[in-house]
Amino acid sequence: MSRRVVRQSKFRHVFGQPVKADQMYEDIRVSKVTWDSSFCAVNPKFLAIIVESGGGGAFMVLPLSKTGRVDKNHPLVTGHTAPVLDIDWCPHNDNVIASASEDTTVMVWQIPDYVPVRSITEPVVTLEGHSKRVGIICWHPTARNVLLSAGCDNLVILWNVGTGEMLLALEDMHTDLIYNVGWNRNGSLLVTTCKDKKVRVIDPRKQTVVAKNFEEPIALQEMDTSNGVLLPFYDADSSIVYLCGKGDSSIRYFEITDEAPYVHYLNTYSSKEPQRGMGFMPKRGLDVSKCEIARFFKLHERKCEPIVMTVPRKSDLFQDDLYPDTPGPEPALEADEWLSGKDAEPILISLRDGYVPVKNRELKVVKKNILDSKPPPGPRRSHSTSNADISTPALDEVLEEIRVLKETVQAQEKRISALEHKLCQFTNGTD
């Protein structure tokens, strides 16, 4: 009799669980735009969601701790003149987020640690270079201030956000609409998927396609007959890929190994309601004390529901095997170093004692003197709202202080009123 050998894996029992109702984010009008991005971006400080807005494009930013019902007058990030299609948090600054829009521009925003009184309308820098709508943005994993954008003009542009200038324009590489773009771990190569059914591995600095037509896949996994778009999220620390179907109600996850058959199905998290989009928390934003290895932020029509993926363990001690050192918030390179050909692996941090987000660091945009530099090719250009340090407007801080003081005064007035009422009761009782 032959015995079936079960493959050993510490991730065989990963299970997903939604948070309690009071830990969700309610009353959010999630965007109805028909676009294949995730509509959601999250980091250890903030949750950002593309929302419906009249007369332009907007997204909402919430502190992670601000769960429950969202005030209908909650300030938005508005500035685009057409719907926002994609958003992405900077991996090296938790207060900086980029947005791409149908209005052909990319905008980079500084988000304050406090909730602003009014909507944020002034980006730190606006990047103009695409001739059609911009549907994809993706920050470089290791180089400071390097941002990639891809538009419906079949063009990929790399920007230096710190100077507001275009670094590279990858033209004539794609014959059709670009579906998605991703960097490798050290940002030396990028991969694109395209409507022409080709996957391209590109060296952006040499502006060459390294690989295009892959003869045979090393593994083929039949998913389902649904025609919904799959949003893939890969965790390099655990070698697990999570596939979330847009319009689907499940998250399938697989472990990737170096030996055949390479792809191993682990499990499926299923729920009743379909997802409109999905956010994926970086590893440094997880709760290591609960053996949490992934956290998703599932968008419904009117709310956002966090889903926690955990590996059950009996011990309360830190689980070294689940949490190898992971990329931290410090960049390994400056933009000009990367552009000159230098590569560097991410700077890793330990999660043994958990991760505490750093305080608000302002993004500085220093424009170069245009008289001393050659203009970028073609009519593409960029402009910044300022030449020097861009900071959260002082007016916002004053208004915020006024609001806090008013709330304090109102609370004191309520307390005085309650004490006077009590005094009346005492007086009447005495009479």
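Modeller: A cavity is a set of points, on a 1 Å grid over the protein atoms alone, where a 1.4 Å probe fits but cannot get out; lining residues have an atom within 4 Å of a point. Grid points are joined across faces, edges and corners, and a volume is the space filled by probe spheres set on the points. This is a predicted model, in which local features need pLDDT of at least 70 and side-chain atom pairs count only at pLDDT 80 or more, while totals for chains, interfaces and linings use all residues. Residues are numbered from 1 along each chain as its sequence is written, and side-chain values use heavy atoms, with hydrogens and water left out.

Biologist: Which strand gives the most residues to the lining of the largest cavity?

Modeller: The largest cavity has a volume of about 120 Å³. Its lining comprises 17 residues, and Val-61, His-74, Ile-111, Val-115 and Pro-116 lie nearest the centre. Strands are DSSP runs of E with at least two residues, numbered from the N terminus. With five residues, the greatest contribution to this lining comes from strand β5 (residues 57-63).

Biologist: How many residues of each class, nonpolar, polar and charged, line the second largest cavity?

Modeller: The second largest cavity, of about 40 Å³, is lined by Trp-35, Gly-135, Ile-136, Ala-150, Gly-151, Cys-152, Leu-177 and Ile-178. The elements giving two or more residues to this lining are β12 (134-139) and β13 (146-151). Ala, Val, Leu, Ile, Met, Phe, Trp, Tyr, Cys and Pro count as nonpolar, Asp, Glu, Lys and Arg as charged, and the others, Gly among them, as polar. The division is six nonpolar, two polar and no charged.

Biologist: What is the geometry of the pair formed by Phe-59 and Trp-109?

Modeller: Rings of Phe, Tyr and Trp (its six-membered ring) pair if their centres lie within 6.5 Å; planes under 30 degrees apart count as stacked, over 60 as edge-to-face and the rest as tilted. The structure holds eleven aromatic pairs. Phe-59 lies in strand β5 and Trp-109 in strand β10 (residues 105-110), so the pair ties together parts 50 residues apart in sequence. The ring centres of Phe-59 and Trp-109 are 6.3 Å apart and the planes stand at 80°, so the geometry is edge-to-face.

Biologist: With which residue does Asp-94 form a salt bridge?

Modeller: A salt bridge is a side-chain nitrogen of Lys or Arg within 4 Å of a carboxyl oxygen of Asp or Glu, and the whole structure contains 15 of them. The pair in question links distant parts of the chain, 190 residues apart: the loop between β8 (84-89) and β9 (96-101) holds Asp-94, and the loop between β24 (277-280) and β25 (292-299) holds its partner. With the closest N and O atoms 2.9 Å apart, the partner of Asp-94 is Arg-284.

Biologist: Which residue does a cis peptide bond join to Ala-260?

Modeller: The bond has an omega of about 5°.

Biologist: What is the phi of Asn-154?

Modeller: Asn-154 is located in the loop between β13 and β14 (156-160). Although Asn-154 is not a glycine, its phi is positive, at about 60°.

Conventions:
1 Å grid on protein atoms, 1.4 Å probe; cavity = no way out; pocket = protein on both sides within 12 Å on 5 of 7 lines; lining within 4 Å. Helix = DSSP H or I, 4+ residues; strand = E, 2+ residues; numbered from the N terminus.
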